[in-house]
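Hello,

Here is the structure I promised to pass on. My notes follow below it.

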Amino acid sequence: MSNVDQAVDYDDLRGWMEQADRLGELKIVRGASLERDIGLASEVVGREDHGPALLFDEIPGYAKGLRVLSNIFGGKRRNATLGFADHLSKVELSESCYETFVKVARRIEPQTVSTGPVFENIIKGEEVDVLKFPAPIWHPADGGRYIGTGCYSVTRDPDDGTINVGCYRAMVIDSKTITILMIEGKHGQVHQKKYFDRGQPMPVALVVGGDPLIFFAAGTEAPAGVNEFAVAGGMRGRATHVVNGPITGLPFPAAAEIVFEGYMHPQDFAQEGPFGEWTGYYAIAEEEGVHTLRVDAIYHRDDPIILGVPPIGGGPDEMARYRAVLRSAMVKQNLIAAGVPDVTGVWCHEVGASRLFNVVSIRQRYMGHSIQAGLIAGQCGAAVYSNRFVVVVDEDIDVTNLEQVMWAICTRCDPATAIQVIHGTRTSPADPRIPPEQRATGNISNSRAVIDACRPYYWKDQFPKMNALSPEDLAEARSKFEYLLR
Ligand SMILES: Cc1cc2nc3c(=O)[nH]c(=O)nc-3n(C[C@H](O)[C@H](O)[C@H](O)COP(=O)(O)O)c2cc1C
């Protein structure tokens with residue numbers, strides 16, 4: 001057990017909203033249009049570290065009380081969302097997550113209960129109407145209404161019965177049909193392939209308004225066979241209460257806001273997108289057919305809330321910020337579990353959407369240590385999807401400080417000998433740098449650079465000394481001359 005204090009004081013999205021409100025960080029926006037204003041407002045607040053959470057109500061064309069929430073991860077609520085003290089920096093927050101529930105994976109299995117607020121409203125069969133719910137157009141050039149961004153799909157492995165909870169975007173097609181984009185190799189798609197290979201439909205429970213911790217767990221790579229409800233339980237320190245779906249038997253949170261239950265059939269496809277993706281581009285073409293969910297039932301709370309987490313292109317956004325905190329802790333755990341010694345820091349940079357540009361610092365112990373760390377940091381389970389650059393630095397470099405990292409690259413890395421390029425590595429269809437001819441084959445991969453920006457191990461003791469002041473000299477300089485800056 002760790003000795004880091006953690007207390008998550010909410011169990012569902014409404015409890016989280018009360019907490020954000022107490023912190024003064026929840027703003028209600030009335031009358032914003034679904035087609036434009038909700039996306040524009042979310043873009044403005046989502047770019048800022050301290051932007052408020054937004055709760056959109058009285059959306060024109062929709063009943064009062066049908067609400068959309070965006071920008072959950074920022075401000076003081078950032079640390080509170082994960083249950084940690086306000087004063088921790090983002091790196092300390094990531095370290096606290098590592099110590100509390102990542103280093104030794106803390107998992108608490110969900111607890112099944114007979115009913116819950118999600119069944120306050122039950123709509124079945126002919127009455128099903130997905131269009132009744134406000135699904136925004138998040139970016140002006142998006143090709144559809146995305147009801148699922150801060151969402152997750154619950155599926156069951158037909159072989160061993162294990163449950164997976166994964167976040168895959170979901171677009172409304174018509175009153176009873178929603179696309180769910182499960183990319184090849186994601187655990188939901190692995191389940192789907194097993195059902196479809198047997199000619200069977202796959203049962204799905206799609207949750208589009210849920211608690212932030214389950215959403216974080218659903219959107220971050222856990223090993224296959226691990227139930228993300230148990231991961232979220234571990235993050236919270238207590239079990240998630242789930243009910244079993246009346247049609248599929250799949251579990252979903254008893255306090256979820258809205259759940260669509262039904263089946264994905266092998267022969268069902270629809271046009272999906274384009275959608276402004278996490279890389280900042282529209283890389284997945286509109287014409288690619290995506291499997292759909294036939295919605296057989298809808299369960300929702302009174303005055304339900306859709307959680308929206310739209311990517312914001314071209315720089316750090318909310319998604320990158322929470323993923324940097326969680327993925328950095330997971331990559332550190334993966335490195336240590338793989339036997340890499342003396343890892344002193346890991347940061348999956350927000351500017352690379354916490355996937356594309358990761359930095360690791362080590363205290364070098366032997367020849368080849370830095371390459372070992374770099375290769376594993378780009379290939380381990382928590383990082384393999386869509387990484388492009390890994391930089392390995394000595395422990396005197398702050399992994400979160402891009403200027404220091406670039407200085408280490410500029411001064412300690414010899415391009416001819418210290419950059420390894422690996423080909424054929426795992427990427428995403430959202431990668432804008434896949435050449436058209438490769439994309440057309442459907443067999444996509446990227447390449448990866450491991451940039452060794454450590455002092456070369458075998459002559460590191462002869463490496464020129466740095467001219468930066470020692471901490472003592474710096475303190476003396478500041479105490480004597482800082483007044484010159486005022
Ligand atoms: C907001 C958001 C949207 C995402 N959209 C998709 C998507 O459309 N398709 C996909 O395969 N992965 C998507 N991901 C990434 C997956 O959620 C992530 O890789 C997760 O680990 C998948 O779960 P799995 O490992 O159980 O397959 C998204 C993640 C987030 C946070």
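In which loop does asparagine 71 lie? Asparagine 71 sits between β3 (67-70) and α3 (77-82). Keep in mind that this is a predicted model.

**Backbone points**

Asparagine 71 is not a glycine, yet its phi is positive, about 60°. Is asparagine 71 buried or exposed? It has 30 C-beta neighbours inside 10 Å, so it counts as buried.

Aspartate 342 also has a positive phi without being a glycine; the value is near 50°. Its place is the loop between α8 and β17 (343-348). Aspartate 342 counts as partly exposed, because 14 C-beta neighbours lie inside 10 Å.

There is a cis peptide bond to check as well. It runs from glycine 273 to proline 274, with omega near -5°. Proline 274 belongs to the loop between β14 (258-271) and β15 (289-300).

**Overall form**

The protein has 486 residues, and 47% of them count as buried. Its secondary structure comes to 13 helices and 21 strands. The C-alpha atoms fill a box of roughly 75 × 55 × 45 Å along the principal axes.

How does the radius of gyration fit a compact globule? For 486 residues such a globule would be near 23 Å; the protein has 23 Å, so the two agree.

**The ligand shell**

How many residues surround the ligand? The count is 18, and the closest are Gly166, Arg169, Ile183, Lys186 and Gly219. By class, the shell holds 8 nonpolar, 7 polar and 3 charged residues. Two elements, β8 (163-166) and α5 (187-197), each supply at least two residues of this shell.

Arginine 198 lies in the loop between α5 and β11 (202-207). With 10 C-beta neighbours inside 10 Å, arginine 198 counts as exposed; the cut-off is 12 or fewer. From arginine 198 to glutamate 288 is 90 residues in sequence and 24 Å in space, C-alpha to C-alpha.

**Aspartate 211**

Why does aspartate 211 count as buried? Because 26 C-beta neighbours lie inside 10 Å, and 20 or more is enough.

Which residues does aspartate 211 contact, leaving aside neighbours within four places in sequence? They are Asp11, Asp12, Leu13, Trp16 and Pro253. Serine 361 is 150 residues from aspartate 211 along the chain, and their C-alpha atoms are separated by 34 Å.

**Helix α8**

Helix α8 covers residues 318-337, 20 residues in total. From first C-alpha to last it reaches 29 Å, close to the 28 Å expected at 1.5 Å a residue. Where does α8 bend? The bend is at alanine 324, by about 30°.

Glycine 339 follows α8 and has a positive phi, near 95°. Aspartate 342, described above, lies in the loop between α8 and β17.

Best regards

Definitions and conventions: Residues numbered from 1 in each chain as written. Predicted model: local features only at pLDDT ≥ 70, side-chain atom pairs only at ≥ 80, totals over all residues. Near = placed C-beta within 6 Å. Helix = DSSP H or I, 4+ residues; strand = E, 2+ residues; numbered from the N terminus. Nonpolar A, V, L, I, M, F, W, Y, C, P; charged D, E, K, R; others polar. Rg over C-alpha atoms; globule rule 2.2 N^0.38 Å. Expected span 1.5 Å × (residues − 1). Bend = angle between axes of the 7 residues up to and from the residue. Contact = placed C-beta atoms within 7 Å.
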